[in-house]
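Have the viewer open as you read.

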Amino acid sequence: MLIYNSPRGTSDYYGEDIKYIDFITDTAKNIFKIYNYKEIITPHFEHTEVFTRSIGENSEIVQKEMFTFPDKKGRSLTLRPEGTASVVRAIVEHKLYGENLPLKLFYIGDMFRYERPQKGRMREFRQVGIEAIGSDGPSIDAEVIWMINNFFKNLGFKNLLLYVNSIGCRECREKYIEILEDYLKPFGKDLCHDCVNRLDKNTLRVFDCKTSGCKKILENAPKISNYLCRKCEIHLRKVFGLLKVLDIPYVHAENLVRGFDYYTRTIFEVISTDIDSAQNALGGGGRYDNLIEEFGGPKISSIGFATGLERTMLLMKDLDIDIEEPGKNQKKIYVINMSADFDEYLFGILKFFRQNKIICDTNFNIKNVSKEIKWAQAQGYSHIVVIGENEVDTNKLIIKDLDNYTQTELNWINEKSRLLKLLR
Ligand code: AMP
C-alpha cells in the first residue's frame, strides 16, 4: 500500500507541539487585547495582483517564492505569502477606516512561500501578525515595538535584541538609492551575480547578501541614515526616544532592509540573542505609509509586524523555555469500564461529569484494568473510577486519586455535590 508523506516544506503538528502552538497564540491574543487589537481573518488565497503590487514585482518573494495557480476560469490566484497585503485589501474593500483611527488588528494564520526548506524555514508556516492602521506619528511605532517586546517576554524569552532602522520616505529613499548605486557600480564583477541583479531591480536588497565579498564592499557603503530627509530623521529620533523611556534595548541597524517594497520609514526586527543561530530572527515589521492609498483607499499611514509561529516554537524548544500549560492543575478523570454491558450506566456518569465541565474520558475497548490504570497515570489523569457489576448495582463509585493513592467511596446519585467538591 502506498503511504503518503506530507509535501516538502510542510509539517503535521500534534502532541507536544500543539501545547506550544496554543501557548504562543493564547499569549499573543492576551497581550494584543491589552493594547486594544481586534482579530481579523482573511482568505488563504487572493488575486495574485494583491501581492505583486504590494510586495513588489522585483522582490524575492514575488519573483521566486509564490504559489500561484489559475482557477478554473483562468484567473490567477496566489496562496498568501504574508499577511499585510490581504489585511490592507480587506480594509479598503470594507472601508474599515472609520473615524476612530488607528484601527488595530491582529491575525494568526498560514502563509506559503516556495523556499528551500531547512530548520525554521518552511513552505507552509504560520504567522502571528498585527497591523495598526491610520497614524503617521512615531508614537504608534514605539507602541507596536513595545507590545511585540512584551509578547516575546511573556513567552519566556529573556534576551531580545531589537534592530531598528529607517528606510526613509519615497523621496529620500529614491535619492539614497541613486547614491548607493553610484557607490556600487564601480565594483562591477566584484559583486556576486545576485547583487548585480539586485543593482538592476531592487538595489536595497544588496544589504541582505550573505557572501563575504559583497559584505566587505557594503561595509563602506553610504548609509541611509545620512540621507534621510528632515521629517524622516525627526521621526526616527522620536521612536528611539520613546524606546529609551520604555527601557527597551535597541540597536540602530543602519544596514537593515526588509523584503517587501511597501515599507517606508521605520523598519525593525526582533532577534533572540540567547542563541547563535541563522534562524534567530523571531519576527519583523515596519511602517507602510502609501499602501492603503495604492490599494484605492485614503492616504493613511500604517505599521505592521509579523512573527513566525514555528520559528518561535523552535527557539523556545532550543532554549528550553517551559510553557505553562493551561488547566495543568485541573482534575482529570479516567473512567474504566469493565464490560460493554455497563455502557448505559457509564454514559450516565460521563454525562454528569461533562455537564459539570469536568475533564473525563473512558476506554472504548475493554482491556486489562491494571494496564488501563498505568496508561491513565502516564497520560496525566488525576483520578480513576472503575465501573464493574458492583458499581452498577449500588450506584457506588470508588474514586482513586492517582497522585496520593487515596480513595473515596460515595453514592454518585445521592452525593453529587460531594463528588463535585472532590473533583474541583
Ligand atoms: P517576513 O514576513 O519575511 O518579515 O517574516 C516574518 C517572520 O516570519 C520571520 O522572522 C520568521 O519568524 C517567519 N518566517 C518567514 N518566512 C518563513 C518560512 N519560510 N518558514 C518559517 N517561518 C518563516
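A residue counts as near a molecule or strand if one of its heavy atoms lies within 4 Å of it. Around the ligand there are 15 residues, and those that come nearest are Arg-113, Glu-115, Met-122, Gln-127 and Arg-258. Before going further, please note that this is a predicted model, where local features need pLDDT of at least 70, side-chain atom pairs count only at pLDDT 80 or more, and totals for chains, interfaces and linings use all residues. Residues are numbered from 1 along each chain as its sequence is written, and side-chain values use heavy atoms, with hydrogens and water left out.

| Residue | Atom of the residue | Ligand atom | Distance |
|---|---|---|---|
| Met-122 | backbone N or O | nitrogen | 2.8 Å |
| Gln-127 | polar side-chain atom | oxygen | 3.0 Å |
| Gly-308 | polar backbone atom | oxygen | 3.2 Å |

On its own the ligand has 480 Å² of accessible area, of which the protein covers 91%; such areas come from the Shrake-Rupley method with a 1.4 Å probe. Strand 6 (124-133), strand 10 (281-288) and strand 11 (302-308) each give two or more residues to the shell around the ligand. The largest share, three residues, comes from strand 10. Helices (H or I, at least four residues) and strands (E, at least two) are DSSP runs, numbered from the N terminus.

Strand 6 and strand 10 also meet helix 4, whose buried residues pack against both of them, with strand 5 (103-112) and helix 2 (48-55) among the other partners. How many of the ten residues of helix 4 are buried? Nine are, so to speak under cover: buried means under 20% relative accessible area, exposed over 50%, and partly exposed in between, with a 1.4 Å probe and protein chains only.

Now to the nonpolar cores, sets of buried Ala, Val, Leu, Ile, Met, Phe, Trp, Tyr and Cys residues joined through side-chain atoms within 4.5 Å. The largest has 98 residues, and Phe-32, Tyr-37, Val-144, Phe-152, Phe-157 and Met-316 touch the most other members. Helix 5 (residues 138-155) supplies the largest share of this core, eight residues. A separate, second core holds 20 residues, including Phe-342, Tyr-345, Phe-353 and Ile-399.

Finally, an automatic or database assignment gives domain 1 (16-169 + 229-318) and domain 2 (332-423). Their C-alpha centres lie 48 Å apart.

How values were computed: A polar contact is a pair of N or O atoms within 3.5 Å; within protein, one must be able to donate a hydrogen and the other to accept it, and residues adjacent in sequence count only if both atoms are side-chain atoms. Contact means heavy atoms within 4.5 Å.
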